[in-house]
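Here is a short briefing to read alongside your structure.

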Amino acid sequence: MIQKPKNRRSFIKTSLLGLGLLSFPNIILANSKENYDVVVIGAGAAGLAATDELIKSGKKVICLEASNMIGGRAITDNQIFGEPYDLGALWIENGNTNNFKIYGENNSNFNVYKERYEEMYSVYSGNKRISNEDALWKVYDNATAAIAKTRKDVAPIDVVPYQDDRWFNTVHTIIGPWEMGKDFSNYSCKDFNFDYEIPESGVWHCKEGYGSLVADMYKKIPVQLNTKVTAIDWSGSGVKLSTDKGIISAKKCIVTVSNGVLSSGQIKFTPNLSAEKEESFFKISMGHYNRVTFKFKKLFKKKAKDNYLYYRIDKQNTSSPEGFCVTINPSDTKLCMCDPGGEFGKNLAKAGVDASLDFALSELKKIFGNKINKDLKQSHVANWSTNPLFLGAWASAEPGAFKYREILRQSVGDRIYFAGEATAKDWGTVNGAQVSGINQAKKIVSSI
Ligand SMILES: Cc1cc2nc3c(=O)[nH]c(=O)nc-3n(C[C@H](O)[C@H](O)[C@H](O)COP(=O)(O)OP(=O)(O)OC[C@H]3O[C@@H](n4cnc5c(N)ncnc54)[C@H](O)[C@@H]3O)c2cc1C
């Protein structure tokens, strides 16, 4: 049986930061007297790739990162559960062309493998495992088909059928919050369908974690950590960046921070950006997708690796289903990841770590019973919605706002360039972010 969901953007807590994490890159300090060719803001996949490309082309470049680690939304922790645990990106998308997967395959420190496509999920209604899932997949197939054939800049809620079906909330959760970080009323079918030209080539995993792969590939890239950019002055012929470590000047800069950060006004532009450009930070808005992870002593111990669990989420009086999809035993870690998203996921994150844990555990208890209380060994909450360095998971166009994707990509005054997942062709992914960074760096190289 084929794995039903996760066929397109198939991604696609404690506090998030302050974890004991990765081997560190060559940490460097910017020289305020230096006039750099380029300053790269952010050391996620896009910023690291851009910096790498600029260094290879002989440019004088510095990469500034606000946090104390590289990787951004692709981050693996090895301490919380004592084994690789991806707090953000987990699925290696488009493996045939994904540079990280290719890097992992050619590096004996990593075990990269393709996810199998035989049966790998279970479906529950209450505490009963469903053996005939046809009713669920009928709603799912019709919803995906309706979204896929819509070329209009409208929300899925305007086109998907079977909205009164008892499986609708589950399907909504799978194709909305789980794949997009957004509910059916909050994204554009046109944006979802438009730029995605990379042929489907399945999903890969890295046993050591996707974040470890990113960090290892760019371990030699010099990054100045703990340096937050607060303002970009482009009134002169170059750019002058204010940071909490002083002012840094360059001919050009590449901004790779999330649209959550850009729309929050944490980076002030002088002179102001055009109204349209500013709007693009809001209209290509962040989806929400957080991770509540459990480790049980016995539950799921015998499950094969890389399993998924979907359950019937009853009809609720809300436009954002209160539930989640579950990833069980990724890469044989025995972890159980419950990923609430959309508006509900955002509000749950705002309610805090305890509320997230309570909700996820109470949903699992409806399926497996109260006995799981005693079986629980450890838990963790990775909350991206409230982390000021991200303020969400990944971005997509709001209904009617498709045109802003292109506006977001455009450079300003030929000296402020924008890269990062939201600007990528394969947006919302680590590999998309990486390619966007390389492309913007190449544009700059040819212009200075
Ligand atoms: C929970 C979750 C699950 C996901 N699952 C998948 C998946 O399975 N597969 C997949 O391909 N993608 C997935 N994604 C999306 C993927 O992680 C992102 O698309 C990608 O990592 C974004 O990379 P980026 O370089 O564009 O941005 P980021 O990784 O956000 O990098 C930007 C960097 O800028 C830094 N920064 C922020 N503000 C400032 C400032 N003022 N000054 C200096 N630095 C600053 C941040 O700390 C960050 O390190 C997931 C994301 C989340 C949150």
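Two strands count as paired if DSSP finds at least two bridges between them. With that in mind, V229 has T243 in β10 as its bridge partner. Please note that this is a predicted model. The mean pLDDT of the protein chain is 92, and 91% of its residues reach 70 or more. Over residues 6-26, however, the pLDDT is below 50, and this stretch has 55 contacts in the model beyond near neighbours in sequence.

**Strand β10 and its partners**

- Strand β10 covers residues 239-243. Its covered face carries V239, L241 and T243, while K240 and S242 sit on the uncovered one.
- On one side of the pairing story is strand β9, residues 229-233, which runs antiparallel to β10 and is joined to it by four bridges. A hairpin of five residues leads from β9 to β10.
- Strand β11, residues 246-255, also runs antiparallel to β10, with five bridges between the two. Here the hairpin has two residues between the strands.
- K240, from the uncovered face of β10, has S249 as its bridge partner in β11.

**The nonpolar core**

- The largest nonpolar core has 119 residues. V38, V39, V214, C253 and I254 are the members that touch the most others.
- Leaving aside neighbours within four places in sequence, V39 is in contact with I62, L64, L241, I248, A250 and C253.

**Around the ligand**

- The ligand has 42 residues around it, of which G42, G44, G72, G420 and E421 come nearest.
- By type, the shell around the ligand divides into 24 nonpolar, twelve polar and six charged residues.
- Helices α1 (45-56) and α13 (430-445) each supply at least two residues of this shell. Helix α1 gives the most, with three residues.

**Helix α9**

- Is helix α9 (residues 342-351) enclosed or open? Seven of its ten residues are buried, so α9 is largely enclosed by the rest of the structure.
- The buried residues of α9 are G342, E343, F344, G345, K346, L348 and A349. They pack against α4 and α10 (353-368).
- After α9 comes G352, which has a positive phi, near 110°.

**Two loop residues to look up**

- S185 lies in the loop between α4 (168-180) and α5 (189-194). Is S185 buried or partly exposed? It counts as partly exposed, because it has 17 C-beta neighbours inside 10 Å, and a residue needs 20 or more to be buried.
- Not counting residues up to four places away in sequence, S185 touches A155, I157 and S319. Between S185 and L87 there are 27 Å in space, C-alpha to C-alpha, and they are 98 residues apart in sequence.
- P330 is found in the loop between β16 (325-328) and β17 (335-339). P330 is buried because 24 other C-beta atoms lie within 10 Å.
- Apart from neighbours within four places in sequence, the contacts of P330 are L90, H205, D306, L335 and M337. P330 and K138 are 192 residues apart in sequence and 27 Å apart in space, C-alpha to C-alpha.

Note on methods. Residues are numbered from 1 along each chain as its sequence is written. This is a predicted model: local features need pLDDT of at least 70, side-chain atom pairs count only at pLDDT 80 or more; totals for chains, interfaces and linings use all residues. A residue is buried if 20 or more other C-beta atoms lie within 10 Å of its own, exposed if 12 or fewer, and partly exposed in between; C-beta atoms are placed from the backbone. Two residues are in contact if their C-beta atoms, placed from the backbone, lie within 7 Å. A residue is near a molecule or strand if its C-beta atom, placed from the backbone, lies within 6 Å of it. Ala, Val, Leu, Ile, Met, Phe, Trp, Tyr, Cys and Pro count as nonpolar, Asp, Glu, Lys and Arg as charged, and the others, Gly among them, as polar. A nonpolar core is a set of buried Ala, Val, Leu, Ile, Met, Phe, Trp, Tyr and Cys residues joined through C-beta atoms within 7 Å. pLDDT is the predictor's confidence in each residue, from 0 to 100.
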